[in-house]
Amino acid sequence: MIDDRDGSCSSFVAYNNEVGSKSVMTLCPTYLATADDGDRAGTLIHEGSHGTAGLETDDVAYEFERLINFLMPKDALNNADSYTVFVRNLDTPGSEQIGPKENDEFAGMANPAEEQAVERIVAFVERWLDSASSEVASL
């Protein structure tokens, strides 16, 4: 479906409503303008996982966020971008970087035993801020 009655295309490339036989995926003009076949396929996998009965994923963490590196298996299996990254790496092994493009530097900010905990906290704060920003933008 290509439609934008609710105005969501101003914020998204595509989105999904409902699950199973009631599922409707909306492809926005920015999706159609995306030249990269891999990006378009990834969007279909991501949005399709939201509406697939029995899967019904959420957006727990996106592939470019710090949090994706800290997902527990249960959360990773409920995460739409986990499936996108999995399929892309099946197609071209090692092709998808998970997490931010640049590594954070925490040297000297915490002792070595605490660095992973600091990285995890920063990852959750980043996700919370992104979610809050998205919610405010939708008002």
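1. **The start of α2.** Asp 36 caps the N-terminal end of α2. One of its side-chain oxygens sits 2.8 Å from the backbone nitrogen of Gly 38. A polar contact here is a pair of N or O atoms within 3.5 Å; within protein, one must be able to donate a hydrogen and the other to accept it, and residues adjacent in sequence count only if both atoms are side-chain atoms.

2. **Basis.** This is a predicted model, in which local features need pLDDT of at least 70, side-chain atom pairs count only at pLDDT 80 or more, and totals for chains, interfaces and linings use all residues. Residues are numbered from 1 along each chain as its sequence is written, and side-chain values use heavy atoms, with hydrogens and water left out.

3. **Length of α2.** Helix α2 covers residues 37-51. Its 15 residues should span 21 Å at 1.5 Å a residue, and the end C-alpha atoms are 21 Å apart, so the two agree. The expected span is 1.5 Å times one less than the number of residues.

4. **Burial of α2.** Which residues of α2 are buried? They are Gly 42, Thr 43, His 46, Glu 47, Ser 49, His 50 and Gly 51. Buried means under 20% relative accessible area, exposed over 50%, partly exposed in between (1.4 Å probe, protein chains only). Their cover includes β1 (14-17), β2 (24-27), α1 (29-32) and α4 (80-91).

5. **Overall fold.** The protein has 5 helices and 2 strands, in the order β-β-α-α-α-α-α. Helices (H or I, at least four residues) and strands (E, at least two) are DSSP runs, numbered from the N terminus. The C-alpha trace spans about 50 × 40 × 30 Å along its principal axes. Of the 139 residues, 29% are buried.

6. **Positive phi.** Most residues other than glycine have a negative phi. Glu 18 has a positive phi, near 70°. Glu 18 lies in the loop between β1 and β2 and counts as exposed because its relative accessibility is 53%. Glu 56 also has a positive phi, of about 45°. Glu 56 lies in the loop between α2 and α3 (73-77). At 39% relative accessibility, Glu 56 counts as partly exposed.

7. **Trp 128.** Trp 128 and Ser 11 are 117 residues apart in sequence. In space they are 18 Å apart, C-alpha to C-alpha.

Definitions and conventions: Contact means heavy atoms within 4.5 Å.
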